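Welcome! Here is a short briefing to read alongside the sequence and the 3D view. Please keep both open as you go.

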Amino acid sequence: MNAGVPLSAQLINLFAAVILLLAFAMLAQRRVMPLINLFGLQGLVLAGSTLVVAVTTHQAHLYWSAGLTLLLKAMLLPWILHRLVRKLYVKWDVESLVNVPATMLIGIVLVIVAFNVAQPISLLSHTISRGTLGIALATVMLAFLMMITRTKAIPQVVGFLAMENGLFLAATSATYGMPMVVELGIALDVLVGVIILGVFFFQIRDQFDSLDISHMEHLKDG
Amino acid sequence: MDMFVILLAIPLVSGALLTVAGERAWAPHLNIIASAGTFLASALLTVEIIAEGPRFAFGEQFFIDSMNVFFVALTAFVGMTTSIFSGPYMKNEQAHGRLSKPRLRLYKSMYQLFMFTMLVALTTNNLGILWVAMEAATLTTVLLVSLYRTPASLEAAWKYFILCGVGIAQALFGTILLYFAAERVLGETGNALLWTHLVDVKGQLEPAIMALSFVFLLVGYGTKVGLAPLHNWLPDAHAEGPTPVSAVLSGLLLNVALYAILRCKVLADGAIDGDFAGNLMMGFGLLTLLLAAFFLGRQKDIKRMFAYSSIEHMGLITFAFGMGGAVANFAGFLHMTMHSLTKSAIFFAVGHATQKVGTQLMADIRGLIRINPVIGWGLMLGTLAILGMPPFGVFASEFMILTHAMKHHPWATPILLLALGVAFASIFGKVQPMVFGETHAKQLPHAPAITPVFVHLAIVLMLGLYIPPYLTRWFHEAARMLG
């Protein structure tokens, strides 16, 4: 960081870096409860960074979306997931992650790819937070990697939600957020999705006595 | 009152009503009456649009033109016939003890809400709302796919949710990029995601961003269309869910997702020099077509096989729209209509057949013609129609696509012919013994609703022999909108 960059831009970059760091931490976390906490923390940082963009640009609807993010992603969703985990008795579910270092290395490669893809677009952007577009794309890709490598249902869903966090970061960094009606719609979809998944978890557990997705590999062709 | 408001209100209100009172004796009737009402509203809306031209609703948030009103009418029609079919079908499932009353309530309310989300997706002018409605359509059907609560159906629903979730996330990223490109031209007003505004400035949108955006949108919505390589959810969801759900997924949801891609293609074509979007769609279409054709022969489950057939046809349609131009677009729209009608008719027949013999395994289904001649002939005629035999309408559209490909993209012709040939051999070889052969099976407690099968097939047959001039004009106009 050089002195020529305004404080707000530095703050946004800092927040974005923390979000990326949390994405890596989630990738390596084996326990369910800490994973959900990390996700909640990511939501909190996301809300913080949106707030900074809102304060610097005086965009009224960004205050709303910062508040919405705080409410939904930092509080409501982690709370629902916590409740689910407690009700499902999978609190101490530890996953035997295959080869954390290898996953991390793949993650680093993904980050480099994401930065290269985002580079030309960031140059076209005029927003204060444009530098974070690469980070946003990297967060999406890391969440995607998490969904692929996990075998348990809840971590897969947390990966799915983290992907949405990355997309939200992309929306506030490339543009100053989507129109309000769209953002509300997306938030509603995410919330309904998590509630439906909650119902769904109970169905899965009743059938398989476990939330391990690797039990569900019977549907094949031929 | 405004016909468009009525169109959206009927499924929403009846969906809510069925959620609270879905276990009453009149609930199945309400499901049918609501679907019929939606169809009536869509027919009146169509007449209005044809007479008075495109219009807006709710400010500029909704936009109905000749392209989407055609999908609205088709969606409402298949929605209505499927609800008629599902009446006795679901009663039989209940009699067999496979479904309880609360689950039937869930089915009926989700069915109406699913219709609502699809109608919103088709008529919205806002590409952000389009995304929200597409995701909502997934959410309403996830619990329907797992309605039987068997291990296989839960697995299918999980796969459906996760794969479509990943796909739809890509589409959201594409939408964000699109908004980013549009904002540079249209400014930070709320209009930068409105399709009608975007079309006016499509030549000024930054080509590099639009190209990247279209790739994400195509892969994202393509997941829901069933385009390879993210098509894996489709056969599972179709095979494990209740048959009415398979019928609307295949006949309607895939169309709506393809419609979303077409709307985005218009913008991408305007912004990017050359035929980038078209070539991409042709590539994905051919890959999907070829892959599905070769997987067809390996299927043992009848619903899985017809699900792969849907993937195959979606590949063909995507290829047709990828070629572009008036003729190919016309053929694409015609084929979408034919596929929707024929495939849902097939699923109706398959649903009754599997209920009769109590299995979905093709090896155990024999001699349908003897058990119930009407179902047997329905399945046979439907299969012949979907395989593109003249005089059914699928033949007309496939013929147009093929001849257009020969003229403009001769390299693709052998691939198309090979895929269609393989598909024909696989499907016909399997359906033939199922229809004609020896068997014993018992009667069903509730007489099946056969009329929808033959209504659909009759329309497909009629359109194969004669397309009414107003329909031709309509297709032409829709094809022209695509450019």
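**A loop proline and the model around it**

Pro229(B) sits in the loop between helix 8 (207-225) and helix 9 (233-240) of chain B; helices here are DSSP runs of H or I with at least four residues, numbered from the N terminus. This is a predicted model, in which local features need pLDDT of at least 70 and side-chain atom pairs count only at pLDDT 80 or more, while totals for chains, interfaces and linings use all residues. Residues are numbered from 1 along each chain as its sequence is written, chains are lettered from A and ligands numbered from 1 in the order in which they are written, and side-chain values use heavy atoms, leaving out hydrogens and water.

**Backbone features to look for**

- Most residues other than glycine have a negative phi, and most peptide bonds are trans.
- The peptide bond from Ala228(B) to Pro229(B) is cis, with omega near 5°.
- Another cis bond runs from Pro390(B) to Pro391(B), with omega near 5°, and Pro391(B) lies in the loop between helix 15 (373-386) and helix 16 (393-408) of chain B.
- His58(A) has a positive phi, near 55°, and belongs to the loop between helix 2 and helix 3 (60-88) of chain A.
- Arg149(B) also has a positive phi, near 60°, in the loop between helix 5 (127-145) and helix 6 (151-186) of chain B.

- His58(A) counts as exposed because its relative accessible area is 66%, where exposed means over 50%, buried under 20% and partly exposed in between, with a 1.4 Å probe and protein chains only.
- Arg149(B) is partly exposed at 24%.
- Ala54(A), in helix 2 (residues 32-57) of chain A, is buried, since its relative accessibility is 0%.
- Beyond its neighbours within four places in sequence, Ala54(A) is in contact (heavy atoms within 4.5 Å) with Gln59(A), Leu62(A) and Tyr63(A).

**Where the two chains meet**

- The contact draws 47 residues from chain A and 49 residues from chain B.
- Together, chain A and chain B bury about 4300 Å², 75% of it on carbon and sulfur atoms; buried area is the accessible area (1.4 Å probe) that two parts lose on being put together, summed over both.
- Between the chains there are zero salt bridges, meaning a side-chain nitrogen of Lys or Arg within 4 Å of a carboxyl oxygen of Asp or Glu.

Note on methods
Helices (H or I, at least four residues) and strands (E, at least two) are DSSP runs, numbered from the N terminus.
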